[in-house]
Amino acid sequence: MGRAFQNRKESIAKTAAAKSKVYSKYGREIYVVAKQGGVETDANLQLRGLIERAKKDQVPAHVIEKAIEKAKGGAGEDYAPAVYEGFGPGNCMVMVECLTDNPARTFGEVRNCFTKTKSKIGAPGSVAHMFDHCMILAFAGDDEDAVLEALMEADVDVTDIEAEDGKMTVFAPHTEWHKAKTALQDAFPEIDFDVDEVQYLPQVMTSINGDDVAMMEKFLDMLNDCDDVQNVYHNGNLEQS
């Protein structure tokens, strides 16, 4: 129990410049999802969930609307997902999710973040097998049996359910996201998701200490400064001295 995952609401940027970067990342993701699956949220549930998450993270309405209008136009950038992996400071394992219209440029920028922090970018599959590609839904509640029953009736392949301090967290393979979310909304109409994410969850954690802590913080800052980087996942447990 107690699987480590990243809550965007807890890590949302504080400064104006950093917030602008977060808004840009959301705008790009909304544009891609809307362009691929259509701009109607009733038909494109991935887009609906993404917009809900953006609003909870206080992304301005005009950023969301601009991305959707851009997708309606049909033209524009042709972004494609890319995932890079490797070993960061302290030999922790790292997964970097990107949306790019120029894979060569993006790979070069991500590789530079690794090399400048004494880290090593790896080949595809070098660390991915040590992460679970999971859907995570967290919400207020404590009736684990009722939640499990609702998911089982919908034939959801549940990985784990955690109940702690009045909070329920459901883990399932990323392919089960739509089915799991719909089942919970049907069973509990008033449900409000505090976390609604698809992430790479580490199977084991690695302690990072000493000088590697500062290097890891630099590494993450460099990656987050890359325009094409959407999310960074790692198994590092930073131990402050």
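What follows is a look at the domains and at the contact between two of them.

This is a predicted model, in which local features need pLDDT of at least 70 and side-chain atom pairs count only at pLDDT 80 or more, while totals for chains, interfaces and linings use all residues. Residues are numbered from 1 along each chain as its sequence is written, and side-chain values use heavy atoms, with hydrogens and water left out.

**Domains**
- The protein splits into domain 1 (2-73), domain 2 (80-129 + 205-238) and domain 3 (130-202), with bounds from an automatic or database domain assignment.
- Taken over C-alpha atoms, the centres of domain 1 and domain 2 are 22 Å apart.

**Where domain 1 meets domain 2**
- Eight residues of domain 1 and 13 residues of domain 2 make the contact (heavy atoms within 4.5 Å).
- About 870 Å² is buried between domain 1 and domain 2, and carbon and sulfur atoms give 39% of that area (accessible area, with a 1.4 Å probe, that two parts lose on being put together, summed over both).

**Charged links**
- Two salt bridges cross the interface of domain 1 and domain 2 (a side-chain nitrogen of Lys or Arg within 4 Å of a carboxyl oxygen of Asp or Glu).
- Arg-28 pairs with Asp-228 in a salt bridge, with 2.7 Å between the closest N and O atoms.
- On the side of domain 1 that touches domain 2, helix 2 (residues 16-37) supplies the largest share, five residues (helices are DSSP runs of H or I, at least four residues, numbered from the N terminus).

How values were computed: Helices (H or I, at least four residues) and strands (E, at least two) are DSSP runs, numbered from the N terminus.
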